[in-house]
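Biologist: Before we go through this model together, could you show me how to read a few of its features, taking the general idea and then the case at hand?

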Amino acid sequence: MIVRFEGELSETGPQDLRRAARRSRDAWRAAARPGDVVVAPDDPRAARADATLVVREEAALVPAGALRAALGALERGRNAVAVSGFFPGTAPSSEPYATVWEFDRAAAMRQENEPGNEAELEADGTEPAELRRTGAGADDAPARRLSSFVVHSFAGRKGHARPEVLPLVPEAARTVLDVGCGEGALGASLAARGLHVTGVELDVEAAAIAATRLRRVVNAPLEESWSELGERFDVVLACDLLEHLEDPIEALGQLRELLKENGVLVISVPNGSSTAVLAGALMGRWDAALEGVVADDHRTYAGRVGWERILRAGGFRIERWASAPYEPAVLAPWREVFHVGGHGDELAPLQWLGVARAADREPLVLGASGFGSTGLFGDDPFRMVATALEAQARVTQTFPNPGSALALDALLRGDVATGPARAALVAGGTRHGLAVRFAASGIAVSIEAAESCPIPASLEAICARARALGLPVNEESLRTSVWRAVFTRVESRA
């Protein structure tokens, strides 16, 4: 079949949302059946499409087989099929997950537990995606919901209330600056305690909502907001902020200037050394999503030790850490594996929360993240390759591997990835990730190792322990620092 994709693929707006939208398109494309092809509306093949896939989300995680099942339902006589999502009020996953590889496993478990592909429940239009047969009458046909496949929806991601942060804000505080305040849910909770909360938020729509909840909101990038604030604060909140910045050290220096004497900085940062992330990397998985520990717009990866180094470089000393442990059953054997390295207690949390005060700076050079790259993991890798294939029969590209021993070395020690390792984790990709990205696109990709690296003895011990427990280890990925991909265009059998 030929499927026409219709979704949120705006050519304007923030780069991270454009990247997320295109990742969503590619995720749905990868869920198609072998031999089917998913094309954009401006593709010449769209005129003879058998079905239209309407995606209502700018980004989502899509379980393998979801679109295949929907296409099969059309072939069995359905005119329209919807796929459920984790929207407010819908059933959660039976197994928690924080990374894409865990999501894939949870989705597979759900399918095994619910063998029927079609529920008799009529879709209500809130599902993240709907597939409709083209032709007379199809547009008016009620959609039926697929119950075995649940897409992860990112709806509401800017409205998290963050109750775990509230205890870290001193009772004596009166003025708070919430940098990256989103829709102001956290600030609203603080305002309810009688605090005066000012927010800084880049997203226009989120800032407009926050402005109804907070004393004041500056709608501007962080680096452009300093002059507009014009005051100092008892508390500065930097929750899920530092990992998004190209230069978190410079930003910390600026935040320090916004604190009153004896003021505190409250942070939350992802644990790049978490068991879920490292286990995925050992299996050759480093899958970026719209949010989570591994995200499209994260530019720094570090464990607790690494974040302490970044804070010291920015002029802060940490007073105390807190965390929210994450211990699903699927990670139990992997926790045994990483205890071999002697730092297992550092790996359980997905997130570190901390309170810090101003202090003398200590030098640290992170190096460039490579985030601005226009390569295979830039704004639109599919379009880049498709355009190149219009002029030549094959296209060859190399890209760094975030799953290599070199890239993971610092994270395995709970430290911060710097230099080439930072660039690989932020702007690189895995063989699995690229193959999935181009699945059902009409472009074939062959991926092989281009440059190798050694596996240190400490990582060898971890791998040996994993194999002894029957866990999968992708040794080729660990030994490959750079991948080479060769692209060729193939004709769809549809």
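Predicted model: local features only at pLDDT ≥ 70, side-chain atom pairs only at ≥ 80, totals over all residues.

Biologist: Is asparagine 271 buried or exposed, and which residues is asparagine 271 in contact with, leaving aside its neighbours within four places in sequence?

Modeller: Buried means under 20% relative accessible area. Asparagine 271 has a relative accessible area of 0%, and therefore it is buried. Leaving aside neighbours within four places in sequence, its contacts include Val277, Val293, Ala302, Gly303, Arg304, Glu346 and Trp352.

Biologist: How is a pair of aromatic rings described?

Modeller: The description rests on the distance of the centres and the angle of the planes. By the rule used for this model, the count comes to six aromatic pairs. Tryptophan 286 and tyrosine 301 form one that is edge-to-face, with 5.1 Å centre to centre and 65° between the planes. Both tryptophan 286 and tyrosine 301 lie in the loop between α8 (275-282) and α9, so their pair ties together parts that are 15 residues apart in sequence. Tryptophan 286 counts as buried at 7% relative accessibility, and tyrosine 301, with a relative accessible area of 3%, is buried as well. Elsewhere, ring pairs link Phe382, Phe438 and Phe487 into a cluster.

Biologist: At what angle do the axes of helix α7 and helix α9 cross, and which residues make the contact?

Modeller: Angles from 65 to 115 degrees count as roughly perpendicular and those under 35 as roughly parallel. The axes of α7 (residues 248-257) and α9 (residues 304-313) come within 8 Å and cross at roughly 55°, and α7 and α9 are therefore oblique to each other. The crossing in which α7 passes α9 is right-handed. On the α7 side the contact is made by Pro248, Ile249 and Leu252, and on the α9 side by Ile310, Leu311 and Ala313. By class, this contact has six nonpolar residues, with no polar and no charged ones.

Biologist: Which residues of helix α13 are buried, and what covers them?

Modeller: In an α-helix there are 3.6 residues a turn, so residues three or four places apart point the same way. For α13 (residues 419-427), the buried residues are Ala421, Arg422, Ala424, Leu425, Val426 and Ala427. What covers them includes α7, β16 (394-400) and α12 (405-412).

Terms used. Residues numbered from 1 in each chain as written. Heavy atoms only, no water. Axes fitted to C-alpha atoms, helices over the stretch in contact; angles between N-to-C directions. Helix = DSSP H or I, 4+ residues; strand = E, 2+ residues; numbered from the N terminus. Parallel < 35°, antiparallel > 145°, perpendicular 65-115°, else oblique. Left-handed = near helix turned anticlockwise from the far one by under 90°. Contact = heavy atoms within 4.5 Å. Nonpolar A, V, L, I, M, F, W, Y, C, P; charged D, E, K, R; others polar. Phe/Tyr/Trp six-rings, centres within 6.5 Å; stacked < 30°, edge-to-face > 60°. Buried < 20%, exposed > 50% of the residue type's maximum accessible area, 1.4 Å probe, protein only.
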